[in-house]
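Take a look at the sequence and the 3D structure below. Then read the briefing with both in view.

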Amino acid sequence: MTNPEPTKSKKIRVLSGMRPTSKLHLGNLMGALENWKKYEKEEAFYMIADWHALTTEYDSHTPIRENVIEVAIDFLAGGLDPEQSTIFIQSRVKEHTEMALLLSMITPLSWLERNPTYKDQIQELKEKDLHTHGFLGYPVLQAADILLYKANVVPVGEDQLPHLELTREIARRFNHLYGALFPEPDASLTTVAKLPGTDGRKMSKSYGNAIYLSDSPEAVDNKVMQMVTDPARRKREDKGHPEVCPVYFYHKIFNASQQETVARECREALRGCVDCKREMAAGLKKFHAPIYERRQKFAAKKSEVLGILEVGNRKATEIAAKTMEQAREAVGI
Ligand code: TRP
Ligand code: SF4
């Protein structure tokens with residue numbers, strides 16, 4: 001830390017966010033957080049997107065605020081270092097809503113209506129009425145999140161690519177209308193394959209198939225023992241197909257050194273699924289237990305977590321306010 005200035009200016013600006021609709025599960029951790037951690041040496045901003053949560057959870061009985069703190073604890077337990085990255089709450093930095101409104105002026109409705117994520121989500125979340133102004137404008141708010149920090153890189157999952165493309169289009173349109181202000185951000189895609197849930201489908205709160213960072217080791221054991229396996233292995237002597245078994249998927253990640261043995265013994269019916277799950281659970285818990293313990297520690301010190309968020313909110317506001325001022329100037333408002 002002798003002369004931080006020259007290196008500082010070379011750092012890329014990174015921003016990403018997660019919606020606090022539930023506590024984080026292993027799928028979130030492996031899919032997003034592991035990718036975020038790679039940018040800790042850069043100038044990284046990680047946001048808890050509570051406004052975005054409200055677009056789909058506006059009629060929920062649980063206040064989003066409760067999940068915000070849980071997600072912050074998960075971020076810290078999962079290994080985000082608040083000394084390196086800025087962790088903040090979207091709704092506490094007022095410029096996000098202001099920038100979203102400004103960008104909404106220049107975003108054609110047709111761009112939003114043709115957004116594939118919009119159509120998918122309306123289909124997928126049929127039980128919710130998502131025909132709202134706020135939900136249609138979801139990508140405009142996301143563009144505001146990214147552009148306020150003039151982020152160069154946005155680490156996200158593949159499902160977010162349409163939103164990134166829209167952000168780039170909105171940035172281009174702004175720059176064209178009012179003069180160059182925003183860089184066009186690039187996505188940084190997670191490289192690891194998506195961790196399936198305990199039933200083999202995509203891991204998701206709404207499917208009830210998730211393993212959470214906050215699950216105790218006993219809860220992890222129970223969930224693993226209830227995992228779906230290759231349906232062809234009804235009896236112990238039936239030969240299996242590890243490639244279709246979610247337990248095997250977990251072996252590849254959490255018990256990698258044994259994966260070939262596991263696959264062979266499954267194919268030749270030399271191992272039973274119960275033993276196979278026990279062995280996998282041991283590997284999984286080696287990874288999960290330290291995270292769980294860290295989580296317990298942070299959960300017992302909520303005021304410290306709130307303090308971290310407060311510092312983050314302040315740092316984020318500093319940057320966001322500057323950009324907002326420039327944008328107002330450019331637009332002439
Ligand atoms: N829409 C993102 C998701 O559902 C969350 C998000 C909100 C986000 N704002 C963002 C991601 C800005 C990246 C950048 O995962
Ligand atoms: Fe899955 Fe293991 Fe059973 Fe094979 S032996 S089906 S890999 S749980």
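How do the residues of the shell around ligand 1 divide into nonpolar, polar and charged? Seven are nonpolar, five are polar and two are charged. Here Ala, Val, Leu, Ile, Met, Phe, Trp, Tyr, Cys and Pro count as nonpolar, Asp, Glu, Lys and Arg as charged, and the others, Gly among them, as polar.

This is a predicted model, in which local features need pLDDT of at least 70, side-chain atom pairs count only at pLDDT 80 or more, and totals for chains, interfaces and linings use all residues. Residues are numbered from 1 along each chain as its sequence is written, chains are lettered from A and ligands numbered from 1 in the order in which they are written, and side-chain values use heavy atoms, with hydrogens and water left out.

**The shell around ligand 1**

- Ligand 1 is surrounded by 14 residues. A residue counts as near a molecule or strand if one of its heavy atoms lies within 4 Å of it.
- The closest residues are His52, Tyr138, Gln142, Asp145 and Gln160.
- A polar side-chain atom of tyrosine 138 is 2.7 Å from a nitrogen atom of ligand 1. For glutamine 142, the distance from a polar side-chain atom to a nitrogen atom of the ligand is 2.9 Å.
- Aspartate 145 has a side-chain N or O atom 2.7 Å from a nitrogen atom of ligand 1. A polar contact is a pair of N or O atoms within 3.5 Å; within protein, one must be able to donate a hydrogen and the other to accept it, and residues adjacent in sequence count only if both atoms are side-chain atoms.
- On its own, ligand 1 has 360 Å² of accessible area, and the protein covers 89% of it. Accessible areas come from the Shrake-Rupley method with a 1.4 Å probe; for residues, only the protein chains shown count as cover.
- Strand 1, helix 9 (138-148) and strand 4 (153-156) are the elements that give two or more residues to this shell. Helix 9 gives the most, with four residues.
- Helices (H or I, at least four residues) and strands (E, at least two) are DSSP runs, numbered from the N terminus.

- Strand 1 covers residues 13-18, and five of its six residues are buried, so the rest of the structure largely encloses it. Buried means under 20% relative accessible area, exposed over 50%, and partly exposed in between (1.4 Å probe, protein chains only).
- Strand 1 and strand 2 (residues 43-48) run parallel and are joined by six bridges. Two strands pair if DSSP finds at least two bridges between them.
- From strand 1 the chain passes through helix 2 (residues 26-37) to strand 2, in a right-handed β-α-β crossover. Right-handed means that, with the strands pointing away from the viewer, the path from the first strand over the helix to the second runs clockwise.
- Leucine 15 stands opposite phenylalanine 45 in strand 2. Serine 16 has tyrosine 46 of strand 2 as its bridge partner.
- Strand 2 is also largely enclosed by the rest of the structure, because five of its six residues are buried.
- Four bridges join strand 2 to strand 3, and the two run parallel.
- Phenylalanine 45 has threonine 86 of strand 3 as its bridge partner. Tyrosine 46 stands opposite isoleucine 87 in strand 3.
- In a regular strand, side chains alternate between the two faces of the sheet.
- Strand 3 (residues 86-89) is covered on both faces. Thr86 and Phe88 on one side, and Ile87 and Ile89 on the other, are all buried.

**Residues in helices**

- Proline 139 is found in helix 9. Its relative accessibility is 1%, so proline 139 counts as buried.
- Threonine 167 lies in helix 10 (residues 161-178). Is threonine 167 buried or exposed? Threonine 167 is buried, because its relative accessible area is 0%.
- The side chain of threonine 167 reaches the backbone oxygen of histidine 163 at 2.9 Å.
- Lysine 252 sits in helix 12 (residues 246-254). At 37% relative accessibility, lysine 252 is partly exposed.

**Positive phi in two loops**

- Most residues other than glycine have a negative phi.
- Lysine 150 has a positive phi, near 50 degrees. Lysine 150 is in the loop between helix 9 and strand 4, and it is partly exposed at 25%.
- Alanine 269 has a positive phi of about 60 degrees. Its place is in the loop between helix 13 (259-267) and helix 14 (273-299), and alanine 269 counts as buried at 13% relative accessibility.
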